[in-house]
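Subject: Structure handover

Hello,

Here is the structure for you to look over. My notes follow below it.

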Amino acid sequence: MELNVLTAISPIDGRYRGKTEPLAEYFSEYALIRYRVRVEIEYFITLCELPLPQLQDFDHALFEPLRDIYRNFTPADAQRVKDIEAVTNHDVKAVEYFIKERLDTHEQLGAQAADRMAAYKEFIHFGLTSQDINNTSVPLSVKEALQQVYYPLLEELIEQLNDYAEEWRNIPMLAKTHGQPASPTRLGKEVKVYVYRLEEQLRALKETPLTAKFGGATGNFNAHHVAYPQYDWVEFANQFTAEKLGLEREQFTTQISNYDWLAAIFDAMKRINTILIDLDRDFWMYISMDYFKQRIKAGEVGSSAMPHKVNPIDYENSEGNLGIANAILQFLSQKLPVSRLQRDLTDSTVLRNVGVPMGHAVIAMQSTLKGLRKLILNEDKLRQDLDQTWAVVAEAIQTILRREGYPNPYETLKALTRTNERMTEATISDFIATLNVSDEVKRELLAITPATYTGI
């Protein structure tokens with residue numbers, strides 16, 4: 001079958017392609033090849049800027065045409081790399097050969113004398129191993145996908161929640177702890193909890209460094225040092241990764257990245273996903289409790305058998321995708337930092353999946369947003385639940401009685417309220433009338449209602 005959204009095996013490239021398509025710019029095979037080309041070219045330019053003796057007469061005016069090779073990189077270019085790989089059976093070496101081809105054929109680059117260009121070409125991939133390219137390309141793709149796709153979407157979700165927190169800040173609501181009626185709260189404050197949690201974890205994610213391995217075959221700059229011992233290659237690599245790629249270089253590595261900080265990125269994303277699962281389940285419950293209605297779209301079907309149903313499917317879709325994302329993120333963060341001796345190849349195939357959990361997270365966040373934007377507050381139901389649960393003012397009454405030195409206030413309220421009989425406003429009022437306290441304190445107690453006992 002020809003690959004398309006109907007024949008794709010993964011739903012993130014099939015059913016949900018419309019939601020995940022922006023991530024193709026960062027995590028597709030085409031994107032990985034383009035990132036590799038970008039790193040190779042920026043490295044070559046940095047060698048010219050050093051300059052290495054053999055590159056000191058390379059025309060710096062050609063740097064921008066060189067960069068155009070990756071800036072204007074096309075799927076046809078990627079296919080050419082794959083064609084070369086079919087011969088070399090090595091994906092990064094195919095990128096090196098592709099760039100050398102382009103040096104021969106590029107109109108501006110080819111204007112230099114052929115013999116000089118031949119000498120320059122051997123400084124493409126000079127002194128490097130494939131992981132110097134992979135372990136810069138992948139974190140760079142993760143960094144830019146976070147900045148350009150993930151962060152904006154999560155911030156849009158947080159903004160929507162914050163709008164609701166403000167809109168509902170004065171809406172009293174019966175709290176439920178252990179699934180049982182508890183001291184009342186306010187709907188806006190409960191939404192603000194999620195705003196706070198997500199903002200805190202987003203800040204932590206943004207503060208987590210994205211690092212790169214760049215140090216030659218086994219991390220010691222062996223080839224660089226033996227060819228040019230007069231240069232400080234550690235400082236060179238530090239500046240290259242920081243200034244040209246915006247990444248922090250891992251100072252001591254084997255042939256591959258330590259992956260510790262990349263694992264930290266995945267763990268931070270996993271925490272955000274866990275918070276979103278918690279949010280999805282809470283709003284699912286609020287809808288089931290009739291605290292919210294859902295906007296109905298003409299033509300949509302809630303159930304194939306029950307015509308009346310409007311199911312909270314957006315939260316369910318989100319929760320399912322977040323669960324898949326977290327399973328993969330956990331595997332990535334546990335597996336990648338572990339490698340036999342100076343390296344084994346298991347990280348290579350695993351790294352090709354770093355976009356998969358982000359894809360599921362993007363699907364999930366869009367589903368949660370869709371669900372949130374369907375909500376219609378049913379304030380009458382919130383009031384009704386409060387009016388039917390007067391027992392929740394017991395905490396307030398016994399606390400004021402403690403203040404007044406009343407004997408055994410907790411036990412007194414426990415005896416009143418911990419029964420199977422429903423407490424009403426009249427029940428509470430009659431009880432307050434029997435208390436041996438001043439009329440002023442009784443008036444204070446009578447002013448407390450489930451709708452006003454909501455704290456700060």
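The axes of helix α3 (residues 29–49) and helix α5 (residues 75–88) come within 10 Å and cross at roughly 80°. Angles of 65 to 115 degrees count as roughly perpendicular, so α3 is roughly perpendicular to α5. On the α3 side, the contact is made by Glu-29, Tyr-30 and Ile-33. On the α5 side, Pro-75, Ala-78, Val-81 and Lys-82 take part. Sorted by class, this contact of α3 with α5 has 5 nonpolar residues, 2 charged and no polar.

Please keep in mind that this is a predicted model.

Now the whole chain. DSSP runs give 20 helices and 6 strands. The radius of gyration is 31 Å, while the globule rule gives 23 Å for 456 residues. The C-alpha trace spans about 105 × 55 × 40 Å along its principal axes.

Next, burial and surface. Of the 456 residues, 50% count as buried. The chain exposes about 22,800 Å². Carbon and sulfur atoms supply 51% of that area.

Last, contacts along the sequence. Take those between residues at least 6 apart in sequence. Of these, 77% join residues at least 24 apart.

Best wishes

Terms used. Residues numbered from 1 in each chain as written. Predicted model: local features only at pLDDT ≥ 70, side-chain atom pairs only at ≥ 80, totals over all residues. Heavy atoms only, no water. Axes fitted to C-alpha atoms, helices over the stretch in contact; angles between N-to-C directions. Helix = DSSP H or I, 4+ residues; strand = E, 2+ residues; numbered from the N terminus. Parallel < 35°, antiparallel > 145°, perpendicular 65-115°, else oblique. Contact = heavy atoms within 4.5 Å. Nonpolar A, V, L, I, M, F, W, Y, C, P; charged D, E, K, R; others polar. Rg over C-alpha atoms; globule rule 2.2 N^0.38 Å. Buried < 20%, exposed > 50% of the residue type's maximum accessible area, 1.4 Å probe, protein only. Areas by Shrake-Rupley, 256 points an atom, 1.4 Å probe, with all protein chains shown as cover.
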